[in-house]
Amino acid sequence: MSDHTPADRPTGPDGDLTVDAPEMPEPQVREKAAHSIAGGLALLLTVLGVFVGIALIIVGGVLGSGGNNGAGVPLVIVGILAVIGSFFCMTGVKMVAPGEARVIQLFGRYVGTIRTDGLRWVNPLTSAQKISTRVRNHETAVLKVNDAYGNPIELASIVVWKVEDTAQALFEVDDFLEFVATQTEAAVRHIAIEYPYDAHDEDGLSLRGNAEEITEKLAIELTARVQAAGVRIIESRFSHLAYAPEIASAMLQRQQAGAVVAARQQIVEGAVGMVEQALIRISEQGIVELDEERKASMVGNLMVVLCGDRAAQPVLNTGSLYQ
């Protein structure tokens, strides 16, 4: 698993810069905590304010109907203002669910973010925008690109990510969901063209043979690309990796040929060892005296038997080796 937190410039395990990613501008705004109070207490006070305002309106109406307009009218006005003010203050109560945050703005200016779940009260003149801070998955479509050798391949990836800085996610990019999707596809395409599907050199990295190293670099490059949006990459993996259909059969034949060559090489090495042991045993036990020509004939026969694809057919020689 690859876990990377946003940084000024991501680095590899050895500390060297290993990411060929675009330079993102410095963020103009970063997340900070918004000033808020417990929403339950604020809600209780606003409800009490509504009841007090209604009570004042009722008392003022009773006094006015009794002929005491001088005392009744001010009470009615105060009661109406109390009800309106209570309802207005009630709009400042915000409900924050677990895994969510509320970004608070005052007349377009960012004032902070509320991450504490439950009821919170903020300035009623502010506006609150909800943003999810839960862990999310993004799976790219199957992309068709050319690898480092120019062979067309198909690949797709799954990225696990979450919003780390809500202010950057909302104010630094136009749409952080679309931004993450686009940058993920760009990073996957960039990684694909840097490495071959299968490396011809034994020490070379390949997409199929070095999945851990490649996905680690993919995660680092993704972190560099999406850090402007306040996003943290938790893990990235290839979900699909294959040759394109038009060359899949040819590449399969190449892989089969490589397997056959490797098997033949191992068979030949084993056969040479067996022939060598046979000649040594015959010489040590003195079974028969073999000159160089007979040794060459025996070696040839044994190599044919041991390396042949078919079972050996015995041949009875009724004469001698020289006839």
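Residues are classed by relative accessible area as buried (under 20%), exposed (over 50%) or partly exposed (in between), with a 1.4 Å probe and protein chains only as cover. The structure is a predicted model, in which local features need pLDDT of at least 70 and side-chain atom pairs count only at pLDDT 80 or more, whereas totals for chains, interfaces and linings use all residues. Numbering starts from 1 along each chain as its sequence is written, and side-chain values use heavy atoms, without hydrogens and water. Helices (H or I, at least four residues) and strands (E, at least two) are DSSP runs numbered from the N terminus.

Helix α1 comprises residues 39-65. The expected span of a helix is 1.5 Å times one less than its number of residues; for the 27 residues of α1 this gives 39 Å, in agreement with the 39 Å between its end C-alpha atoms. Within α1, the buried residues include G39, A42, T46, G49, V50, G53 and G60. By contrast, I54, also in α1, is partly exposed, because its relative accessible area is 38%.

I54 also belongs to a nonpolar surface patch of about 720 Å², together with L43, V47, F51, I58, V62, M95 and L119. Patches are made of residues with over 30% relative accessible area and no salt bridge, like charges being joined within 9 Å and nonpolar side chains (Val, Leu, Ile, Met, Phe, Trp, Tyr) within 5 Å. A salt bridge is a side-chain nitrogen of Lys or Arg within 4 Å of a carboxyl oxygen of Asp or Glu, and accessible areas come from the Shrake-Rupley method with a 1.4 Å probe. Helix α1 gives the most to this patch, with 6 residues.

Three strands form an open sheet in the order β1-β5-β2, with antiparallel pairing. Its edge strands, β1 (37-38) and β2 (93-96), each pair on one side only. Two strands are taken to pair if DSSP finds at least two bridges between them; β2 and β5 (residues 118-121) are joined by 4 bridges, and V96 stands opposite G118 in β5.

Strands β8 (residues 143-146) and β9 (residues 152-163) run antiparallel and are likewise joined by 4 bridges. They form a hairpin with 5 residues between them, and G150 in the turn has a positive phi of about 85 degrees. The covered face of β8 carries L143 and V145, and the uncovered face K144 and N146. The bridge partner of K144 in β9 is E154.

A positive phi, near 55 degrees, also occurs at F107, a residue other than glycine. F107 is found in the loop between β3 (100-106) and β4 (109-114) and counts as exposed because its relative accessibility is 71%.
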